[in-house]
Amino acid sequence: SDSTLHEAGRAKRSDDDLLGAIYEHPDEDGPRLVFADTLSERGDVRGEFITLQVRRQVGQGTSETLARE
């Protein structure tokens with residue numbers, strides 16, 4: 001339907017904007033975490049994966065989260 005195509009287009013633009021922010025600020029975790037949240041809200045497992053990677057990188061990883069990653 002037109003509404004599904006509209007939503008897919010909006011999600012694509014949003015992803016592109018978020019990825020652009022990640023590329024512009026490679027040393028900042030904020031844009032990565034926003035992108036991870038966006039993916040998770042859509043049920044995309046990559047969101048959790050990114051979150052786990054960021055947590056590990058900042059020293060917040062545990063053996064459980066490492067195994068989950």
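Which residue forms a salt bridge with Arg 42? It is Asp 15, and the closest N and O atoms are 2.4 Å apart. By salt bridge I mean a side-chain nitrogen of Lys or Arg within 4 Å of a carboxyl oxygen of Asp or Glu.

Quick ground rules. This is a predicted model, where local features need pLDDT of at least 70, side-chain atom pairs count only at pLDDT 80 or more, and totals for chains, interfaces and linings use all residues. Residues are numbered from 1 along each chain as its sequence is written, and side-chain values use heavy atoms, with hydrogens and water left out.

Back to that pair. Helices here are DSSP runs (H or I, at least four residues), numbered from the N terminus.

Now burial. Buried means under 20% relative accessible area, exposed means over 50%, and partly exposed is in between, with a 1.4 Å probe and protein chains only. Asp 15 is buried, at 14%. Arg 42 is partly exposed, at 43%.

How many salt bridges are there by this rule? The count is four. Let me take two more of them.

Glu 48 pairs with Arg 68, with the closest N and O atoms 2.7 Å apart. Glu 48 is in helix H3 and Arg 68 is in helix H4 (residues 63-68), so this pair ties together parts 20 residues apart in sequence. Arg 68 is exposed, at 57%. Glu 48 is partly exposed, at 31%.

Next, Arg 56 and Glu 69. Their side chains meet in a salt bridge at 2.6 Å, N to O. Arg 56 lies in helix H3 and Glu 69 in the segment after H4, so the pair ties together parts 13 residues apart in sequence. Both are partly exposed: Arg 56 at 39%, Glu 69 at 26%.

On to the inside. The largest nonpolar core has seven residues: Leu 18, Ile 22, Phe 35, Ala 36, Leu 39, Ile 50 and Val 54. A nonpolar core is a set of buried Ala, Val, Leu, Ile, Met, Phe, Trp, Tyr and Cys residues joined through side-chain atoms within 4.5 Å. H1, H2 and H3 each supply at least two of its residues. H2 gives the most, with three.

Leaving out residues up to four places away in sequence, Val 54 touches Asp 29, Arg 32 and Leu 33. Contact means heavy atoms within 4.5 Å.
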